[in-house]
Amino acid sequence: MARHVIILGAGISGLSAAWRLSDIGAKVDIFESGPSVGGLAGTRREGHYCLDVGPHSFFSDDQQIVNTVCRLFKDNLKHLPRKVKFYYKGKYIDYPLTAQGVLLRMGLRSGVKAACSFLKGKIFRYNRGLRSQENQTVEDWAISSFGEYLYRSFFKPYTEQFWKIPCSELSSRSIPTNTRMSFLNTLRLLLRQKTGSGGESLIEREMRPTYYPDTGFSEISEQIAKRIENNQGRIHLGCEVTGVVELSSGKMRITYQRNGQREEMEGDYVISTVPLSSLVNMLSPSVSSEIKLSANKLEYRPLIVLGMLTQKQKILNCGYAYILDRPFNRIFEMNEFSPSTSLPGENIIAVEIPCLQGSVLWKASKEELFRMCIPSLSRDGFISSGEVKKLFLIKAQYAYPIYRRGYAGHLSSVISYLSRYRSLVTLGRCGEFMYMDIDECMKRAFDFADTFKNNGNH
Ligand SMILES: Cc1cc2nc3c(=O)[nH]c(=O)nc-3n(C[C@H](O)[C@H](O)[C@H](O)COP(=O)(O)OP(=O)(O)OC[C@H]3O[C@@H](n4cnc5c(N)ncnc54)[C@H](O)[C@@H]3O)c2cc1C
């Protein structure tokens, strides 16, 4: 008899798992609290307008995953040139940052200061007591990689603007691996050498083909959702899961809210892609207070995206730009991804506003956020108040797992606790508390489904 798998969350991880499991004959039910599929890789659709949850494009160094996604679009998925910049003191610098780009924009005096401070950092590195990788903070890593001057003038303000947490409290694991380049590596990259033995250079990585669907990034999720439904899988939107119980029979039961009513469903397995802290708090019988404490230490940084509809075109001349010393840390232009995301002659420019859970910003309305952002948007020449016809707002509560110093211990306690459940698995960016792009989410979900099949569970 086909096994019944209940999946929490219809982001790319939950959908990919459901797709592969339903392909091998499992019965799947997906529960999603939001009104549409896609999660962080989703698109807010309002009339003719499409706004993504931050700038997204699809890329991967795994050719099988690339082929799988391209086949969803019958090989008509549009190739998108990667156009990313760093906007610093009114000028664009190429991103990823290179020593050349930063130093050229800083001017000779600052360049000399940065180089001296870098050398000093290298010479006196041992003074920082070289903490273990586990305890190394962003501050330790950045000073030893870039030197104190670049760290204080550039790296620290940007990182703290993004995370809203001091660099000395963040684990160095918060730095995405593609940014983990030392100053020397950066110089090597300028000469276009490889970053490691036989590996891709950063430039090559960044040159990988990227793709974008016509009408918003969530088309990828929507195409996967169609395949699941073709396989008789069911996707329940607007259903927030509130409880997960392991029954003495070994089966799993979930409870969820649909239109304010409490309902439940039983299945053989549960795959959870919801935030780990939410999952632990919904398990019953109730989890020990120590594990709950550890789970609650695994925090997420929310994200606000404010979209502005305008007739102005070619505002950034790139897909998105990182930006320093503004109320927002990235700015992106939807027409650079696809002009079909708004009506002809229109365009959506959007900013990503970092904030902490429960903060004043998190609670602010789109009008308040607009009033906060428009002075600098206008000063920088991006857009003025009179050029904006309509506002859009997206709030994502669980956008970035926060790798605070010491988080790894809490994570391993929670994961080891959850491994007691024979029929419960966690997957995905929030479910595993791990940075992943969508290719990695898909790969991990497919790998899980293949193991499930190989164990005869279908
Ligand atoms: C700003 C930004 C830009 C990014 N850019 C890129 C990019 O260019 N390329 C790329 O490949 N990746 C990018 N990523 C990463 C990518 O978006 C994520 O890795 C991916 O979308 C994570 O998918 P997921 O399914 O694991 O998690 P999620 O998308 O978070 O899915 C979890 C789902 O669970 C639902 N849920 C939560 N609680 C409950 C509950 N109690 N009951 C029911 N449902 C619940 C949520 O609503 C959500 O839909 C970016 C991420 C961000 C934040």
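Visitor: What makes strand E2 (residues 27–31) a partner of E9?

Guide: In this predicted model, 3 bridges join strand E2 to E9, and the two run parallel. Two strands pair if at least two bridges are found between them, so E2 and E9, with 3 bridges, count as a pair. Within this pairing, Asp29 stands opposite Arg234 in E9.

Visitor: Why is the sheet of 5 strands called open?

Guide: The strands follow the order E9-E2-E1-E13-E20, with parallel pairing. Strand E9 (234–236) and strand E20 (424–426) are at the edges with a single partner strand each, so one side of each has no neighbour in the sheet. From one strand to the next, the twist averages 20°.

Visitor: Why are the buried residues of helix H2 said to line one face?

Guide: Ile65, Val69 and Leu72 are buried in H2 (residues 63–72). Viewed down the axis of H2, the buried residues fall within an arc of 50°, and therefore they line one face of the helix. Gln63, Gln64, Asn67 and Arg71, on the other side of H2, are exposed. To be called exposed, a residue has 12 or fewer other C-beta atoms within 10 Å of its own, while a buried one has 20 or more.

Visitor: Which residues of the shell around the ligand are the closest?

Guide: Of the 34 residues that surround the ligand, the closest are Gly9, Gly11, Gly39, Gly54 and Gly428. Elements that give two or more residues to this shell include helix H1 (12–23) and strand E19 (388–401).

Visitor: What classes of residue make up the shell around the ligand?

Guide: The shell has 16 nonpolar, 13 polar and 5 charged residues.

Methods. Residues numbered from 1 in each chain as written. Predicted model: local features only at pLDDT ≥ 70, side-chain atom pairs only at ≥ 80, totals over all residues. Near = placed C-beta within 6 Å. Helix = DSSP H or I, 4+ residues; strand = E, 2+ residues; numbered from the N terminus. Nonpolar A, V, L, I, M, F, W, Y, C, P; charged D, E, K, R; others polar. Axes fitted to C-alpha atoms, helices over the stretch in contact; angles between N-to-C directions. Arc of directions from axis to C-beta.
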